[in-house]
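Subject: Handing over the two-chain model

Dear colleague,

Please find below the structure that I promised to pass on to you. My notes on what was found in it follow directly after.

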Amino acid sequence: MTTTTEDITATLLLNPTTCDGRGLCHHAAPDLIELDEWGYPLLPGGGLRADLTKSQLKAAEDATHACPVLALHIERRK
Amino acid sequence: MGRLGIETRSSLSMHLAQYGPLPLVPERHGKEPGRLVTELEKSGLRGRGGGWFPTFRKFSAVVDSSVSRGRLSRTRHPVVIANGMEGEPASAKDAVLMASSAHLIFDGITAAAATIGATDAFLALHRDSRLVPILTKALDERQAAGIDPLQISLVTPPARYVASEESALSHWVGEGIATPVYPDRPFQKGAAGRPTLVQNVETLSHIALIARMGGDWYREVGVPSAPGTTLVTVGGAVQEEGVVEVPTGTPVSEILAMCGGTTEPIRGYLTGGYGGGWVAADGFDSTAWDPDAMRAAGAVIGASVLWLIGESECPLEEIARVTAWMAGESAGQCGPCIYGLPSISDDVHHLAMRHMSEAEMKHLGQRLKLVQNRGGCKHPDGTARFVSTGLTAFADEVALHLDRRCSVSGRRPVSRPGTEGSLPVPAPRLALVDVSGRDFE
């Protein structure tokens, strides 16, 4: 399946200076967020921003709510 | 003879005799930046701190950010910070420029401040820098002559690599904390939340020339994509280490000839500084010294450092020493930097010491990718590039080391990384938060 720009509903943002590497985002959304060898989250694509399709949005919300230090943030497309 | 006058140390009277007084720079008027911004656009000037970002865009971004706040906002007045930190240990061009042509830099600060409507102006240089008394004296001369409508103040953040990053600099001026800021950029929320223009001191001295002579004059030398002259710090295996001023686009071979040529056959070059990259020697000296030609050749012009490594040295030992230092220079804010850089440093150390297995080598390759695009600043990215370009440029040496050999080992024992070598590695590590050392509230 190919992803078109219309499928993108939001962007998941990670602030690396806030992130403590507690790993709760991964436990809340294991299919969306992996942990690196030091226990820090890896978003899809590997950077600090990840575009989300509609089907990924729920997992991203779970991860965002699970973060105890508010390092994750979802920016919705208008 | 260059434009920036780095050959002699100029007093104010010498400066005025050489360049004449700074003409009246039209001030920002409400939403409109001063007219100098048009000349800056015409000149094609790009920032000399390492990013080579179009200077006029930075000016416009600061003014737009200021205008967007409205007339009652307490943070609407912009701040100018001249970056004289020169965080790159292999670079000396800003120090040479500040020692010789301080008044050109201060002219640039005054011109920039008027153009964006700044109400505070600072020059930042490393704590304990020997330039502090020289620049203090130059500022006193200007104050006595009454030539700067806005007072310029010296600030001296801690001498740490990441402290010279522009968001760290505005963080320090605003709050006394010299750590990089994420995600706001200085033009959005800089010193004390105000729109902040951070410009390298060399860029400011070019601005002072453009304010006098105009953008068309500025473009008369150098390449169209990055016009003007540029300072270059040349070090390592050359007869005469030092700083030269050349038009952009000058071939590397000409720059080396200005430094008396090389001292031995060359294996490779470090370009741009420790946040830059390595290239193998083959044919590189015909490359033009400008940002685009450098990128096309797989190099980085960055802070305009050209460091030569000769056949008598093991490049992997040099890389290991510097990588250990870079790992220690992390601000300690982001996990991939806090844990990733020491892991990479350990791997490179093993490689330099010839204790590296193929599996570990593969792991190093993964780690170099893993730390990129994941930091609040580009320190991990720069360190990863420093290492990965080195592994590529010196692939022959890597293969020898994986085979427990070294091209130089017959001539001298393997040094312990961190103890000796040719690339400079500053010794002390200072705290990034040090409110007691602040000069201003």
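Of the 78 residues of chain A, 22% count as buried, where a residue is buried if 20 or more other C-beta atoms, placed from the backbone, lie within 10 Å of its own, exposed if 12 or fewer do, and partly exposed in between. Before going further, please keep in mind that this is a predicted model, in which local features need pLDDT of at least 70 and side-chain atom pairs count only at pLDDT 80 or more, while totals for chains, interfaces and linings use all residues. Residues are numbered from 1 along each chain as its sequence is written, and chains are lettered from A and ligands numbered from 1 in the order in which they are written.

Chain A

The secondary structure of chain A consists of two helices and five strands, which follow one another along the sequence in the pattern β-α-β-β-β-α-β; helices (H or I, at least four residues) and strands (E, at least two) are DSSP runs numbered from the N terminus. The C-alpha trace of chain A spans about 35 × 25 × 20 Å along its principal axes. Its radius of gyration, taken over C-alpha atoms, is 12 Å, which agrees with the value near 12 Å that a compact globule of 78 residues would have, the globule rule being 2.2 Å times the number of residues to the power 0.38. Among contacts in chain A between residues at least 6 apart in sequence, 70% join residues at least 24 apart, two residues being in contact if their C-beta atoms, placed from the backbone, lie within 7 Å.

Where the chains meet

The contact between the chains takes 11 residues from chain A and 13 residues from chain B. On the side of chain A that touches chain B, the classes come to five nonpolar, five polar and one charged residues; here Ala, Val, Leu, Ile, Met, Phe, Trp, Tyr, Cys and Pro count as nonpolar, Asp, Glu, Lys and Arg as charged, and the others, Gly among them, as polar.

Domains of chain B

Chain B is divided into domain 1 (12-220), domain 2 (229-310) and domain 3 (315-402), with bounds that come from an automatic or database domain assignment. The centres of domain 2 and domain 3 of chain B, taken over C-alpha atoms, are 23 Å apart, and nine residues of domain 2 are in contact with 11 residues of domain 3. On the domain 2 side, the elements that give two or more residues are β9 (266-271) and β10 (277-280) of chain B, and β10(B) gives the most, with four residues. By class, that side of domain 2 has five nonpolar, three polar and one charged residues.

Nonpolar cores

A nonpolar core is a set of buried Ala, Val, Leu, Ile, Met, Phe, Trp, Tyr and Cys residues joined through C-beta atoms within 7 Å. The largest has 122 residues, and those with the most contacts inside it are V80(B), A82(B) and I109(B); helix α5 (residues 102-116) of chain B gives the most to this core, with 10 residues. Leaving aside residues up to four places away in sequence, V80(B) touches I109(B), A112(B), A113(B), A118(B), A121(B) and L197(B). Apart from this core lies another, of 14 residues, among them A29(A), L43(A), A60(A) and C67(A).

Local backbone features in chain B

A cis peptide bond, with omega about 0°, joins Y182(B) and P183(B), and P183(B) lies in the loop between α7 (166-175) and β4 (196-200) of chain B. G193(B) is also placed in the loop between α7 and β4, and G193(B) is partly exposed, with 16 other C-beta atoms within 10 Å.

E86(B), with phi near 45°, is found in the loop between β1 (79-83) and α4 (93-100) of chain B, and E86(B) counts as buried because 27 C-beta neighbours lie inside 10 Å. N373(B), with phi near 60°, is found in the loop between α15 (358-370) and α16 (379-393) of chain B, and N373(B) counts as partly exposed, with 18 C-beta neighbours inside 10 Å.

With best regards
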